[in-house]
Amino acid sequence: MFPEAAVPEILTYDFMQLALLAAFFVGLAAPMVGVFLVQRRLSLIGDGMGHVALAGVAVGVVTNQAPVLTALVFAVLAAVGIELVRARGRTSGDVALAVMFYGGIALGVVVIGTSSGGTPTNLDSYLFGAISTTTETDVKVFAALALVVVSTTWALRPRLFAVANDEEYARASGMRVTALNITLAVLTAVTVVVAMRVVGLLLISALMIVPNATAQLVAGSFRSAIRVAVVIGVVCSVGGVTTSYYADSPAGATIVLIAIALFLAAATYSSVHDRIARRRHLEAERHEHEHGPNCGHLVVEHDNHVDYLHDGHHHAAHQGHYDEHDLALHRTRDHLADPNPPDTHDDPLRP
Amino acid sequence: MSAIVSLRSASFGYADREVVSEVSLDIHAGEVVAVLGANGSGKSTLVKGLLGLNNHLGGEVALFGTPLAHFREHARLGYVPQRHTLSTSVRATAAEIVAIGRLPHQGWLGRTNRRDREIIDESLALVGLADRATVDVSTLSGGQQRRVLIARALASQPDVLIMDEPTAGVDLASQEVLSQVLARLVERGATMLIVTHELRALRGVLTRIVEMGGGRITLDVTPAEHDRSHPTAHRADHDAHDHDAHDHDGHHHDGHHHDDEVSPPSPGAGPLDHVPGGRGA
């Protein structure tokens, strides 16, 4: 396919090509679904679905069905069940989920352990991933499922965002909230199953959540956060599989450690960045007046934003307050001449 | 003109528990109605019933002449919920939140076109947040978040705004700004139904005051009549507590609209009707 010299060694093996492809699909789909789980504060729900999927894997192994298929059935049923329990809004719903999750993992171990052919070690490749044993058929199934997850999530993104942001408003504006929530749960279940051979059922939640946690530290909007998270997800999963090939480490756990390393790097960067920004930036005095197009203060175009000339100070909107900007120095002031500037809203404007 | 909201002996509640009973009320275009009442008086249950957020248990309810059970034009009701319904678990800019208000007008993919963006910008400008469009809402103050929610409702180009406690838990400075925003909307002829604990921030914008107690309407008057029957309401420090202490007995009105009330500047006009390529374009 490629001239030998142009291809890195890792790509000369068929099983590694398949592994990298599978990793790419998982890295793409997991953070896309995960962002809505983070938004709904359901970060650990994927972990629970993984527990239930394990029972499906065990049943598949014992009955000689494809474990991917039986795991998919179990995970989707769990997803619908979770949303129905949540929609009823009972306080005992939390306990019901715990029963479902731990029931799933216990059932999986017992079914495998008591069958003649299986031992609990058969489950290891599903619990922690075994990407190098992925077959071509597996990869085709994963690719198809990942495509479904990615395109459905992309199409429903504005509605999933609206429902996760404010469920009550979404309901009042006529959106089918319960249907959208069940759809998200099913997308999560499918992602769990797609990822179980790559990162494993015990670690899949990490790939859905950690890239999003990282993106939240560096992005400024929901839109950019999704993009950053998907890029991080792909970098971690493909990078993890590559690393595992050279370092001879388990792929799933390597992917998760890379994701966490990126998160720690972003957290460090963002805290240093915030500290510097806080030192360089000075909030204006608190005033009840809100600047606006007709607020009576002179508007000064400044870089790519607008300053309001307020009693000789330049006030620029920043987060929930106003910053003091020094036009001459072209940066925020380090100090003010008068620490308690008088309230001058009724004074004539100074040029 | 048929009423925007029309209730006849309506009752609302959750499951089989009736919270609001036997309420009759008509709200017409251009009216700005405050619904007052203590906690548990049923005022929130009433407006949530209109929005389909709880169960309609009896009586007749019609929105824009359509029975509630068949009402599908949800975007005509601009709902401004309490602030705590807004999740700030992930980054979202003010403009992204306001864009949610456009969803009922968009195709099934819900993609934002140029006209949507114009309406989003216009809505943010109306609540005085034009310069915070790209700011993460979780960094905004409580009052500013409230105004983002008002802008989201405005972006759906509603015929009536339904607000749940817009001024509760907001600092004094933000209350001032909120009052200005409400006054600006009234100037444009907006119809509003405002659930509130206290009238102070709403003085001057209301055309009608409805009080609830025990799940029923106990008073339905003009602000002037309300002042006469509640002398303490003139006090600047009038607040929820002394308001709730009033004895409403003997004030049970029939809940019907009084035709001699202040006529609105331009009845039926939505707050965003002047947007380029406006409604229905």
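Hi everyone. Two residues are in contact here if their C-beta atoms, placed from the backbone, lie within 7 Å. With that in hand, a word on what we are looking at. This is a predicted model, where local features need pLDDT of at least 70 and side-chain atom pairs count only at pLDDT 80 or more, while totals for chains, interfaces and linings use all residues. Residues are numbered from 1 along each chain as its sequence is written, and chains are lettered from A in the order in which they are written.

So, the contact between the chains: chain B gives 37 residues and chain A gives 31 residues. On the chain B side, helix H2 (94–99) and helix H5 (172–187) are the elements giving two or more residues, and H5(B) has the largest share, three residues. Helices here are DSSP runs of H or I with at least four residues, and strands are runs of E with at least two, numbered from the N terminus.

Now chain B itself. Its secondary structure comes to seven helices and 10 strands. Of its 281 residues, 48% count as buried, that is, with 20 or more other C-beta atoms within 10 Å of their own.

Finally, the largest nonpolar core, with 172 residues. Such a core is a set of buried Ala, Val, Leu, Ile, Met, Phe, Trp, Tyr and Cys residues joined through C-beta atoms within 7 Å. Helix H1 (residues 14–39) of chain A brings the largest share, 15 residues. Among the residues with the most contacts inside the core are Ala75(A), Val35(B) and Ile162(B). What does Ala75(A) touch, not counting residues up to four places away in sequence? Its partners include Met49(A), Ala53(A) and Val193(A). Thanks, all!

Technical notes. Buried ≥ 20, exposed ≤ 12 C-beta atoms within 10 Å, placed from the backbone.
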